[in-house]
Structure formats: structure tokens, C-alpha cells
Amino acid sequence: MAPKARAWFAANVKGGTMESGSVTLAIPPDLLIPVNGKMPPLPDEAIAGEMLISGASIQLFDTMPILKNGAARAAFTGRQFHLDTMEGRIEGDSGEAITIRNGTYRLPDYEADPPIQNIGFRVAGSLSTMTGLMRREPL
């Protein structure tokens, strides 16, 4: 996993079980030579991998509550990161839970500055709990 994606995953996905995983590497040796003291970014095709996780806590953003007991599939390449959540629960400010299903988080190029992020999901829960979450500080 590329350094920025690895750092995000390590900081934001906690606990749970890795059900399966795979990694494919195609990194030419000359690509691992530092330029001006820094490693150049990997091309997208240099690495590909995926993992299935369950029972994890996932913090997508600082201003949003943690998705708990999440089941997700994470996929990454040299420049992209995708997280598909099958299911998880978020507790609102009132303590009521919202169920999140079919969530997607896409980072199409983590070398971009700023990186573009795409998010989508389906929710089930009370309207009052959802509006409470919408009143939180913006992303």
C-alpha cells in the first residue's frame, strides 16, 4: 500500500478482523531510487491489493462519528484507494444508532493536492438522529 493510503488506513481503521487479503507488486527496480532525497510516487499499476475486514471501527472524517462494527472491502493501487462498507452503525448525539449500508469512499489519486474524495452510502435510522448528525461541523 502506498505510504499515504497506508497512513490513512492505520490512523482510521481500528480493531476488527482481516478476513482475507492479497497484494500484487510490479515495481521496476529503478523506481525505488530516491530523487532529491524523496521516493517518487508509485505509478498506479505498480501495486494492487485488496482486503476484506469485519468488526472494524472506521473514522472517515474527524467531524463525523465512528462507524462501528463495520464490514468493508478495501482496495488500493499505486495511486488509488477505495473502501466499500457493506454495513456498520453510527451512534448519533442522542445515542440512537443509524445503520450504514453500501457505503463507498473513493480516493482516485492520493498524490493530488488536495486529493479529491468521493463518498456515498445508504442509511436507515430516525430522521431526528440524522438531522443531529447534519448539524455537526462541516467536513
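The structure holds 6 salt bridges. The model is predicted. Among the salt bridges is a pairing of Glu50 with Arg73. Salt bridges with shared partners join Glu50, Arg73, Asp84 and Arg106 into one network. The largest nonpolar core has 25 residues.

**Salt bridge Glu50–Arg73**

- Glu50 and Arg73 form a salt bridge, with the closest N and O atoms 2.8 Å apart.
- Glu50 lies in strand 3 and Arg73 in strand 4, so this pair ties together parts that are 23 residues apart in sequence.
- Glu50 counts as partly exposed, because its relative accessibility is 34%.
- Arg73 is also partly exposed, with a relative accessible area of 28%.

**Salt bridge Asp84–Arg106**

- The side chains of Asp84 and Arg106 meet in a salt bridge, at 2.8 Å from N to O.
- Asp84 sits in strand 5 and Arg106 in strand 6, so the pair ties together parts 22 residues apart in sequence.
- Asp84 has 16% relative accessibility and therefore counts as buried.
- Arg106, at 23% relative accessibility, counts as partly exposed.
- Asp84 and Arg106 belong to one network with Glu50 and Arg73, joined by salt bridges that share partners.

**Salt bridge Glu91–Lys68**

- A salt bridge joins the side chains of Glu91 and Lys68, at 3.9 Å from N to O.
- This pair links distant parts of the chain: Glu91 is in strand 5, Lys68 is in strand 4, and they are 23 residues apart.
- Glu91 is partly exposed, with a relative accessible area of 41%.
- Lys68 counts as partly exposed, at 39% relative accessibility.

**Nonpolar core**

- Within the largest nonpolar core, of 25 residues, Phe9, Phe81 and Leu83 have the most contacts.
- The elements giving two or more residues to this core are helix 1 (3-12), strand 3 (47-58), strand 4 (67-77), strand 5 (81-91) and strand 6 (97-107).
- Strand 3 gives the most to this core, with 5 residues.
- In soluble globular proteins, nonpolar side chains tend to be buried together.

**Gln59 in its loop**

- Gln59 is found in the loop between strand 3 and strand 4.
- Gln59 counts as buried, because its relative accessibility is 16%, and buried means under 20%.
- Leaving aside neighbours within four places in sequence, Gln59 is in contact with Trp8, Asn12, Met64, Pro65 and Ile66.

Methods:
Residues are numbered from 1 along each chain as its sequence is written. This is a predicted model: local features need pLDDT of at least 70, side-chain atom pairs count only at pLDDT 80 or more; totals for chains, interfaces and linings use all residues. Side-chain values use heavy atoms; hydrogens and water are left out. A nonpolar core is a set of buried Ala, Val, Leu, Ile, Met, Phe, Trp, Tyr and Cys residues joined through side-chain atoms within 4.5 Å. Buried means under 20% relative accessible area, exposed over 50%, partly exposed in between (1.4 Å probe, protein chains only). Helices (H or I, at least four residues) and strands (E, at least two) are DSSP runs, numbered from the N terminus. Contact means heavy atoms within 4.5 Å. A salt bridge is a side-chain nitrogen of Lys or Arg within 4 Å of a carboxyl oxygen of Asp or Glu.
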